[in-house]
Every structure is written in C-alpha cells, then in structure tokens.
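Subject: Handover of a structure and the findings from it

Dear colleague,

Please find below the structure that I am handing over to you. My findings follow it, together with the terms needed to read them.

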Amino acid sequence: MQSTHLLLEEPIRMASILEPSKRSFFPAMTKIVGTLGPKSRSVGVISGCITAGMCVARFDFSWGDAEFHQETLENLKVAVKSTKKLCAVMLDTVGPELQVLNRSEHPISLQVDSLVVLTPNQEKEATSNLLPLNFGGLSKAVKKGDTIFIGQYLFTGSETTSVWLEVTEVDGEDVVCLIKNSATLAGSLYTLHVSQIRIDLPTLTDKDKEVISTWGVQNKIDFLSLSYTRHAEDVRHAREFLSKLGDLNQTQIFAKIENIEGLNHFDEILQEADGIILSRGNLGIDLPPEKVFLFQKAAVYKCNMAGKPAVITRVVDSMTDNLRPTRAEATDVANAVLDGSDAILLGAETLRGLYPVETISTVNKICAEAEKVFNQDFYFKKAVKHVGEPMTHLESIASSAVRAAISVKASVIVCFTSTGKAARLIGKYRPTMPVISVVIPRLKTNQLRWTFSGAFEARQSVIVRGIFPMLADPRHPAESTNATNESILKVALDHGKAFGFIKSHDRIVVCQKVGDASVVKIIELED
C-alpha cells in the first residue's frame with residue numbers, strides 16, 4: 001500500500017514521470033469539498049462525486065431556497081448509503097455580501113469608458129446604465145477613485161463576464177462609476193465587491209440565522225462556513241448562537257477569510273475558529289496579484305502549526321466549462337498541497353460546471369501526485385519545533401505515533417478516539433500513510449432519552465488531511481476494556497484487508513488508550 005515518496009530536491013528519472021500512477025483505495029490524502037447545485041444534485045452525480053473523492057458537501061445559501069437545498073441533501077443521503085462512504089455537510093452563510101439584482105434576467109451589456117449608476121432603489125430595472133443593489137449604505141462607504149468589482153456569483157474571473165468599475169462621483173444614495181472593461185453580465189444575481197472597503201453589515205445576518213436555526217438544525221450540519229469573517233468576535237458570536245441550537249453546539253465553525261479586514265485579524269480569528277477557508281476569489285480582488293500567494297503560504301503555515309484545517313478555494317475555475325484544467329491551475333492545485341493545505345474547495349466547478357465528477361477526479365489525482373513529493377521530514381521537524389518542550393501528553397503521543405509509523409514503514413496508523421481530537425493531532429504531523437480514525441461512540445442522555453455520540457465526530461474528521469474515519473459498533477462503548485479494543489481493532493484491520501489497503505505482513509501503528517495510559521504500539525500482520 002505504501003507508495004514511494006520522493007523529494008523534489010532528489011534526482012528524479014524524468015521518464016518515471018510518465019509512468020502511470022498505481023491505483024490505491026485512498027487516491028489522495030488531501031480532501032475535497034464539493035459545492036452541490038443545479039449540475040450536481042441528482043443521486044447519480046452525487047454518488048459519482050463521492051466515489052471520485054468528495055468527502056464534504058457544501059450547501060451555499062447565497063442562492064436557492066431551503067426546499068431546493070433539502071431535496072439535494074436527501075439525494076446526498078441516498079448517495080452516502082449506496083457508496084458506503086462518509087460525507088459531511090457544510091452550510092455556507094451569505095454574510096454581508098453585496099448583490100446586484102437583475103429581476104428580468106436579461107443579459108446586461110456594459111461598455112468600456114461608459115458610466116453606470118449603482119443605486120439602492122431595488123424597484124428600478126437593471127440596465128446598462130443603472131444597477132440596483134441590496135444595500136443602502138454604499139454611498140457612505142466609498143469615495144471617488146475607489147475600485148468596485150461586479151460579476152456573476154461564483155464568477156470565473158473572465159473579463160468578459162465580470163466588470164471593474166472606478167467610482168467617479170457619489171450622488172446622494174447613488175454611486176456613479178466609470179466602466180473599466182467591456183463585459184456582459186448574465187443571470188439574475190451578481191456579487192459586488194468593493195476593494196479594501198469595510199461594509200457596515202453584520203457577519204452573521206438575520207437571514208443566515210433563520211437558515212441555520214431551521215435548515216441547519218433540521219439537518220444537524222457538521223460545519224458552518226462563516227462568510228466574510230473579519231474579527232475573532234464574529235466567530236465567538238456565531239458559536240454563541242450555535243450553542244443555543246441543540247445538537248449544533250457541536251458544529252465546527254470554519255472562518256472564511258475574504259478581505260483585508262480578515263487578513264489583518266487572521267491570528268485572532270485562527271485562535272477562535274475550528275478551521276480556515278481562504279476565499280481566494282475575493283481576496284484576489286482586495287490584494288495585489290503578486291501578494292496572493294504570499295498570504296496563502298503564510299496562512300496555511302499558521303493553520304498547520306495550530307493543527308487546524310486549511311481549505312483553499314478557486315483552483316480549477318476553467319473546469320466549469322472544460323474537461324481539463326489549464327497548466328497554471330494544475331500547478332496551483334499541486335502547490336496548495338505542497339504548502340500544506342488540508343482540503344480543496346470546489347465552487348462553480350461542481351455547482352454549475354459541466355463536469356463535476358471529472359473535476360473532482362482530476363483534482364484528486366493532482367493532489368495524490370503532489371503528496372508523493374511533499375517533504376514530510378522537513379514539515380515534521382518544523383511542527384515539533386513549533387510545539388516546543390515540554391509537549392502536552394497528547395502532542396507527544398501523536399508525534400510519536402507518526403515518527404514510529406514512518407520509521408517502520410507502516411501501511412496505516414489506526415487511532416482509537418471518541419472525540420476525534422487524537423486523530424486530528426496525528427494528522428497535524430502529516431504522516432505519509434493514511435490514519436484510520438476509529439471513532440468509539442459514547443452513550444449520553446438529555447434526561448429524556450439516551451443517544452450515542454460519534455457520528456458528528458467521525459464526519460468532522462473527514463476534512464483533515466490524511467484522516468479516514470470509521471464509526472465503531474455502538475455496542476463497544478468508549479469506556480471499553482482492552483479486550484473490546486482488540487475486537488474493534490480486528491474489525492478495523494479486517495475492513496482494511498477487505499478493501500485492499502492493508503495486506504499480510506504489513507506493519508500497523510496503533511494509538512489507543514488502555515486505562516488511564518495512552519499507548520502507541522506496532523503490529524506486524526500475519527498471513
């Protein structure tokens with residue numbers, strides 16, 4: 001099962017690059033978040049997406065109503081059962097997003113060097129000279145010379161479908177702009193982004209709260225993607241809101257960094273959030289092009305050292321309409337993996353793209369190839385140095401498990417956990433082999449009924465690079481004896497053998513609790 005890991009610094013026989021990659025049960029350790037929408041909501045397509053590598057399904061409430069998304073989610077549940085693979089659910093909030101409304105849905109042609117007026121009067125019809133907005137405070141936020149970007153939601157960045165404007169005048173509540181490039185806006189909704197300007201709207205809007213407290217509660221969402229996170233307080237406020245919604249007190253919050261304000265408060269946000277999504281589409285508007293890569297590398301490094309998942313967006317935009325990515329996009333995906341990203345988030349490519357399954361498959365293959373040249377040794381030393389001494393008990397066990405697994409060339413690491421924390425810590429040290437996270441259910445009660453925990457914890461681990469969770473039989477409680485741990489281990493190993501990622505004579509590293517002690521042991525499998 002163990003693939004040959006190379007280092008780019010070492011001599012590589014060039015002809016070997018053309019050799020086909022060996023098929024594996026785990027094609028890539030890097031995870032894929034797919035946005036489900038019009039082109040990816042049937043049971044067949046969703047099943048194809050999961051089989052190709054999607055492990056988190058994102059539901060974007062910037063468009064579509066709750067009924068539409070519920071139908072899609074019901075199809076996802078069927079697909080999960082048929083593929084027998086875990087897939088978590090992520091709800092993406094709208095946040096303080098500015099939108100241009102085109103109720104007629106007729107294409108709007110904008111000509112370079114012409115003027116266009118942005119107005120908060122939503123009763124007006126959208127035309128080439130007038131664009132109505134969903135926000136009344138734009139005239140107070142901008143000044144002459146400011147830059148505004150408008151494009152279809154989940155825009156590709158193509159200069160024929162998105163437009164750059166320069167503010168020339170503020171006239172009462174209206175903003176007059178000079179059109180900097182010719183473009184045709186199609187559809188009913190376009191996103192408006194003002195470069196490096198604070199918009200005075202709450203991060204978690206009333207609409208977001210309504211969706212979370214109804215659709216989110218009904219479906220026990222695993223992740224909340226908090227759009228336009230600008231301060232640590234935004235995350236705290238969202239967590240306080242979730243804490244009052246029953247099971248959603250377990251929902252993990254991923255802060256979506258989309259502008260300069262979020263960048264400036266990144267360290268505090270990272271402390272509060274469970275993970276980070278780098279929304280490079282909007283960041284690419286706020287930041288100079290030559291600075292985007294620098295922020296990506298710095299932000300991913302900080303997430304890695306904190307042991308929190310880093311998710312990268314906007315990698316293969318061209319696959320929305322094409323079967324193959326551009327050379328730059330393929331390289332971009334690989335560099336995201338080499339930087340240390342946990343997951344790649346696909347938006348338009350799967351939501352409205354023509355090839356959702358092929359896109360996921362292609363990204364998965366690129367990730368798998370990049371992982372072969374990931375310098376794990378260098379990364380491991382950086383992570384250990386950053387943690388420092390004395391290490392916490394859990395950090396010591398996690399790093400020791402990874403060190404042992406690499407030393408004995410183990411095929412997998414098996415980790416027993418009830419919360420998922422131990423497995424995520426092992427993932428922090430980026431082992432070159434998969435980590436099978438065996439989540440042991442806990443019995444809990446709300447004084448009215450007894451239930452088993454574990455499903456949340458298992459699904460929330462799927463977004464971490466290299467972690468592949470499985471839920472243990474609930475008849476084996478978390479406070480189990482050594483004998484029951486051995487029986488669960490046997491089930492996990494039999495599962496591995498059945499799917500071909502564990503073979504006879506493989507070495508397995510096992511991380512588990514025995515009484516009050518944490519143990520790392522090495523097993524060599526017999527015939």
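I begin with D267, which is found in helix α7, spanning residues 266-272. Helices here are DSSP runs of H or I with at least four residues, strands are runs of E with at least two, and both are numbered from the N terminus. Please note that this is a predicted model, in which local features need pLDDT of at least 70 and side-chain atom pairs count only at pLDDT 80 or more, while totals for chains, interfaces and linings use all residues. Residues are numbered from 1 along each chain as its sequence is written, and side-chain values use heavy atoms, with hydrogens and water left out.

D267 counts as partly exposed because its relative accessibility is 40% (buried means under 20% relative accessible area, exposed over 50%, and partly exposed in between, with a 1.4 Å probe and protein chains only). The C-alpha atoms of D267 and A299 are separated by 8.9 Å, and these residues are 32 apart along the chain.

Most residues other than glycine have a negative phi, and most peptide bonds are trans. K220, in the loop between α4 (206-219) and β13 (223-226), has a positive phi near 45°. With 40% relative accessibility, K220 counts as partly exposed. K409 also has a positive phi, near 55°, and is found in the loop between α14 and β18 (412-417). At 65% relative accessibility, K409 counts as exposed.

A cis peptide bond joins E389 and P390, with omega about -5°. P390 is found in the loop between α13 (376-387) and α14 (393-407).

These two helices also meet. The axes of α13 and α14 come within 12 Å and cross at roughly 160°; axes are lines fitted to C-alpha atoms, for helices over the stretch in contact, and angles run from 0 to 180 degrees between N-to-C directions. On the α13 side, Q376, F380, V384 and V387 meet E395, S399, V402, R403 and I406 of α14, where contact means heavy atoms within 4.5 Å. By class, this contact has five nonpolar, two polar and two charged residues (Ala, Val, Leu, Ile, Met, Phe, Trp, Tyr, Cys and Pro count as nonpolar, Asp, Glu, Lys and Arg as charged, and the others, Gly among them, as polar).

Yours sincerely
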